[in-house]
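Reader: I am new to this structure. Please take a close look at one part of it, the place where the two chains meet, and walk me through what lies on each side.

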Amino acid sequence: MLSRRLSLRSVVGRVIAVTAVGAAAIGATLGLFFAANTRLKEANADSVRAARVSAAAFDVRGKITELGSAIRGVVASPDRASIARWRRAESAWEPSLETLARAAATSEDQEQRTEALRFEIRLYVTDYGDPLVRIAQLSPAAARSSDANTEGSRRLQQILDHTDGVAQSAAVEAAQRSADASRLAHQATVAGIVALVLTPVLLILLGIWLARLVAEPLRQTVEAASAVAAGNFDVRLPERRRDEFGSLARAFNAMTQSLATSRRELIERAESLEQSERHKSELITMVSHEVRTPLASVLGFTRLLLERDVSEAERRRYLEIVDSEATRLAGLVSDFLDARLIEEGQFALRREPFDLGALVREQAELTLAHDDAHELALQLPDEPLSVEGDRARLTQVVGNVLSNAVKYSPGGGTITVGARASAGVARVWVADEGDGIPPEHREQLFEPFYRGGAAAAGIPGTGLGLAVSRRIVEAHEGHIGFDPLERGTRFWFDVPLYAGNGNGR
Amino acid sequence: MMAAQALRPLILICDDELPLRELIKAVLGDRYEYLEAEDADQADAVLDRFDPEAIVLDVMLPGRSGIEFLTELRERRRERPIPVVVVSAWQSQQDAQAALGAGANAFVGKPFDPKELADVVETLIAA
């Protein structure tokens with residue numbers, strides 16, 4: 001979690017990294033300034049020290065010159081006063097040298113030079129000065145020999161030269177450091193100025209970068225969110241970024257997709273409800289018509305019989321109509337009961353073996369007996385077509401398919417009814433030469449109460465026949481379907497053949 | 001033939017249901033001669049050849065509805081309009097209004113009282 005939050009892929013991580021780099025740059029600039037300042041101060045201190053070394057060297061030089069003068073005074077006149085002067089000079093040089101040594105103690109080279117100088121002066125005093133004083137006290141003439149004096153002057157000059165060397169070396173060192181310091185200060189100043197100029201440029205670049213990093217995706221997100229608010233759920237954000245905006249885009253896209261899905265489902269549900277409402281209202285219209293028509297006959301004829309005196313022949317005919325119409329009503333009620341059974345899933349079959357071919361012939365001849373508009377063509381096998389099933393229910397299916405063929409070919413024509421055994425099933429088919437079923441009605445044909453365009457065409461029916469038929473056929477482990485023909489439609493159904501007792505009854 | 005027609009007025013019954021045509025004929029009785037049609041097209045064909053005194057018309061017919069047939073009939077034959085009684089299983093206020101609006105002279109809902117239908121037809125023919 002922590003590593004994810006601080007990853008350079010994330011916006012937060014990148015902003016922190018860039019800020020850190022900027023802070024480091026500013027820190028480095030300040031550091032340069034600070035270093036340059038320190039070095040300048042050091043250089044200043046060095047030149048002060050060099051001046052002190054120079055002053056101390058001058059002092060030491062004076063003491064050495066005094067040593068030379070005192071020894072010459074002793075040589076010239078070895079009296080008490082000159083000897084005392086020598087003694088004073090002898091003890092005066094060392095504190096001055098000590099001061100020089102402290103002032104010049106800035107490098108090993110300087111320390112070695114002052115130590116060498118101390119050793120040389122001491123040697124001059126002990127090996128040359130003191131012996132010469134004793135010689136002068138014993139024999140002033142011997143002391144005045146040129147050799148000794150020449151040697152003394154030479155050594156004194158050498159010591160003076162070495163003293164100057166210490167002062168010069170300190171001055172050189174100070175000059176060197178001062179040059180270094182001023183070069184560094186110059187570099188630091190240049191770097192500082194460059195940094196000062198670059199900072200606003202960097203700030204502007206940082207602003208642009210931040211804008212690209214944050215503002216652009218933010219703008220896209222706002223636009224997309226506004227589109228969603230306006231009801232457009234098809235907007236998608238680019239998901240290629242691997243930072244927080246990438247996560248946001250993926251979450252956003254998932255959200256719009258889920259919204260679109262929900263809305264589609266709602267619309268579909270609303271449409272399906274609307275359709276089912278329409279079916280229901282069509283059903284009510286249809287039921288009222290289907291029930292009222294036979295009821296009108298029954299009531300009309302019974303009132304006629306009650307109110308008028310009619311002949312015996314008329315009475316009989318009226319009663320036949322009443323009987324037939326009441327039977328029609330009963331069939332209607334039975335259809336509704338079947339539909340209810342279907343919806344509740346209760347469907348008990350009374351299976352027995354029987355000849356399906358004979359049943360088909362019987363039903364076809366019965367249905368078309370009084371029909372002058374249609375011609376019946378039978379295609380039945382000679383041998384029995386034995387199936388084990390519910391005879392009454394399969395009669396209902398055959399009757400339904402036959403009455404549909406008659407109803408939906410009002411122009412007449414041939415109705416072909418056939419049956420045969422094939423591949424373990426008995427197939428029954430009924431083909432008419434009607435107008436056929438328009439493609440848009442085919443899918444829902446077997447739905448309860450679905451009537452396609454039949455209601456508009458004035459063809460009576462409940463829209464239950466095929467739904468009930470399908471249920472019956474499926475309860476027999478069979479299939480029902482239809483094939484659109486060039487002219488009309490062929491309905492068919494398969495039920496398994498009776499396998500129990502050979503092929504016949 | 002002429003004498004028979006003069007004695008017994010001709011009535012066209014247009015209903016797709018055979019039992020209802022039988023009922024209407026039985027109700028109206030022997031006083032009239034009857035022509036029958038199962039739908040609007042057949043009714044038009046009958047009207048091309050005959051000139052009935054009245055039409056008893058069902059609303060719910062296969063194909064064109066009774067109301068459509070009536071509307072077209074009234075537009076086509078403005079002079080000497082044939083009296084039309086509309087019968088319907090729907091029997092709602094809306095159907096009655098639709099029928100009368102289309103030019104029906106009377107509306108009788110199914111199941112109808114035999115006497116009522118007989119009276120309505122008689123009155124229309126007498127007028």
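**Where the chains meet**

Author: Start with chain A, which has 13 helices and seven strands. Its radius of gyration is 65 Å, while the globule rule gives 23 Å for 505 residues, so chain A is more spread out than a compact globule. Keep in mind that this is a predicted model. The C-alpha trace of chain A spans about 200 × 55 × 40 Å along its principal axes. Of the 505 residues in chain A, 35% are buried. Take the contacts in chain A between residues at least 6 apart in sequence: 71% of them join residues at least 24 apart.

Now the partner. Chain B holds six helices and five strands. Along the sequence they follow the pattern α-β-α-β-α-β-α-β-α-β-α. The radius of gyration of chain B is 13 Å, close to the 14 Å from the globule rule for 127 residues, so chain B is as compact as a globular protein of that length. Its C-alpha atoms fill a box of roughly 40 × 30 × 25 Å along the principal axes. Buried residues account for 52% of the 127 residues in chain B. In chain B, too, contacts between residues at least 6 apart in sequence can be sorted by separation: 57% join residues at least 24 apart.

Chain A brings 23 residues to it, and chain B brings 21 residues. How much area do the two chains bury between them? Chain B and chain A bury about 1900 Å². Carbon and sulfur atoms carry 59% of that area.

Next come the specific pairs. Two salt bridges link chain B and chain A. One of them joins Arg317(A) to Glu22(B). The closest N and O atoms of that pair are 2.3 Å apart. Polar contacts between chain B and chain A number four residue pairs, with both residues at pLDDT 80 or more.

Which helices of chain B each supply at least two residues to the side that touches chain A? They are helix 2 (18-28) and helix 6 (114-126). Helix 2 gives the most to this side of chain B, with six residues. By class, the side of chain B that touches chain A has 14 nonpolar residues, five charged residues and two polar residues.

How values were computed
Residues are numbered from 1 along each chain as its sequence is written. Chains are lettered from A and ligands numbered from 1 in the order in which they are written. This is a predicted model: local features need pLDDT of at least 70, side-chain atom pairs count only at pLDDT 80 or more; totals for chains, interfaces and linings use all residues. Side-chain values use heavy atoms; hydrogens and water are left out. Contact means heavy atoms within 4.5 Å. Buried area is the accessible area (1.4 Å probe) that two parts lose on being put together, summed over both. A salt bridge is a side-chain nitrogen of Lys or Arg within 4 Å of a carboxyl oxygen of Asp or Glu. A polar contact is a pair of N or O atoms within 3.5 Å; within protein, one must be able to donate a hydrogen and the other to accept it, and residues adjacent in sequence count only if both atoms are side-chain atoms. Helices (H or I, at least four residues) and strands (E, at least two) are DSSP runs, numbered from the N terminus. Ala, Val, Leu, Ile, Met, Phe, Trp, Tyr, Cys and Pro count as nonpolar, Asp, Glu, Lys and Arg as charged, and the others, Gly among them, as polar. The radius of gyration is taken over C-alpha atoms; the globule rule is 2.2 Å times the number of residues to the power 0.38. Buried means under 20% relative accessible area, exposed over 50%, partly exposed in between (1.4 Å probe, protein chains only).
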